[in-house]
Amino acid sequence: MDKLVIQGGKPLHGKVPISGAKNSALVLLAGALLAPGESVITNVPNLADVGVISEVLARIGVRVMMDLTTHTIRVDATDLTDTPPPYDLVTKMRASFFVLGPILARLGYARIPLPGGCSIGSRPVDLHLKGLRSLGAKVIIEHGYVEAQADKLIGGPVYLDYPSVGATETIMMAACLAEGTTVIDNCAQEPEIVDLAEMLIKMGARIVGAGTQTITVEGVSQLHGTVHDCIPDRIEAGTFMVAAAVTRSRLTLTKVRADHMQAVISKLQEAGVGICVEPNGDITVDGTGEFHPIDLRTQPFPGFPTDLQSQFMTLLALVPGTSMVTETVFENRFMHVDELQRMGANIKTEGNCAVIQGVEALTGAPVKATDLRAGAAMILAGLAARGETTIGSIHHIDRGYEDIVGKLSAVGAQISRAQRKEVLV
Ligand code: UD1
């Protein structure tokens, strides 16, 4: 397996174009299943996870044409079937489970492998299933599969005990073709929910309230294909913002949406990182100033995103003074702490809290990416550290960062991908 090799301490400068959002692209591709005919999704990032969902779609009768040089995917779901997608594909990537709602809504029956837990927590799907049951589906879990059946879904009230992103998306998609009105209360408000709603509305769905805590969906009998442009990846953008900060550099991010990043921008400013939103929407990050310790707490949007917690931990490891990070979204999302400690970070964890005592410098070391975002934190640590860092298990990083080596190299980082044997000799 490949590794990343980073010579740390190089200042960065220039512009970084931000790719389309992974978490939007995956659910938009599933949303396209709700209609016969072709949908075209643009600004799709070229990522391993997009390859996985495309393969899932191909296995259930959907024609998928990817042109990832133009970042466009055409999906024709006219011949959608209820054949269960392969177990190993769904367990490889949890977002494959997104196909459940659309298949059930269109065909009246769906059988999908139950995705397991993952390295950041147990990640149940009870809220997705509770929502579908509220729409009248009979749902059972048997032999490792979720089996859902409803000749006709019937709209109704759905209260989510927690504003789960995936559950909100599953229920919103299913409700589009239900009979009557569905009101989803305490739903997620993430920009990816709004993006999905906007695509579904273009497909003929009647949805109001996306981006607030109550979404109302009035069911229609059929949807049609559309063309939709995926929003920018706010997590990739946040990762590059931290890259500028930890290398004490100035970077400009292009093709980005500052309105999706208020909590992140505000926390960076509190830590002493300069942020300027340019009149054209670009964001310039200035990491050359004086840093201050901060406390942060992950929360559902508009709170601080859990997907940037590990990257901020790398930054705070280098900020003089004591910072505190509280993770409230996932139960086991501190795996990067051990790896950061190998590079000299001073971090203590107690339950879901981490207390970070800033150090003067990190030192390069062999580390591994324990999950996607933890892997990003390791890259950031490697960019800031003295000496060489090698990062293993980078298949996690390939899931969610398009051409990270190319993008960082283009702004001055010394980072390369090496075959395992090259690293070992
Ligand atoms: C999505 C994102 C992921 C991000 C997360 C939180 C995608 C593909 N992934 O994941 O990158 O970290 O939102 O912003 O969009 N929960 C339940 N029961 C459920 C569903 C969720 O208890 O049925 C719990 C989870 O275990 C977790 C919390 O709710 O503790 C948040 O999960 P959720 O918002 O559903 O995240 P995902 O949609 O899986």
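**Ground rules.** I number residues from 1 along each chain as its sequence is written. In this predicted model local features need pLDDT of at least 70, side-chain atom pairs count only at pLDDT 80 or more, and totals for chains, interfaces and linings use all residues, while side-chain values use heavy atoms, with hydrogens and water left out.

**Ligand shell.** I looked up the residues around the ligand (a heavy atom within 4 Å) and found 16, with Asp-126, Leu-127, Ser-164, Asp-307 and Val-329 the closest. I sorted the shell into 7 nonpolar, 5 polar and 4 charged residues; Asp, Glu, Lys and Arg count as charged, and Gly is among the polar ones.

**Polar contacts.** I looked for pairs of N or O atoms within 3.5 Å. A ligand oxygen is 2.6 Å from a side-chain N or O atom of Ser-164, and a ligand oxygen lies 2.5 Å from a backbone N or O atom of Val-329. The protein buries 83% of the 740 Å² that the ligand exposes when taken alone (Shrake-Rupley method, 1.4 Å probe).

**Position.** Domain 1 (2-19 + 232-419) and domain 2 (22-229) both contribute to the shell, so the ligand lies between them. The bounds come from an automatic or database domain assignment.

**Helix H8.** I then turned to H8, residues 234-246 (helices are DSSP runs of H or I, at least four residues, numbered from the N terminus). Buried means under 20% relative accessible area (1.4 Å probe, protein chains only). I found 13 of the 13 residues of H8 buried, so the helix is largely enclosed by the rest of the structure. Asp-233 caps its N-terminal end, with a side-chain oxygen 2.9 Å from the backbone nitrogen of Ile-235. Just after H8, Arg-248 has a positive phi of about 55°.

Terms used: A polar contact is a pair of N or O atoms within 3.5 Å; within protein, one must be able to donate a hydrogen and the other to accept it, and residues adjacent in sequence count only if both atoms are side-chain atoms. Helices (H or I, at least four residues) and strands (E, at least two) are DSSP runs, numbered from the N terminus. The expected span of a helix is 1.5 Å times one less than its number of residues. Buried means under 20% relative accessible area, exposed over 50%, partly exposed in between (1.4 Å probe, protein chains only).
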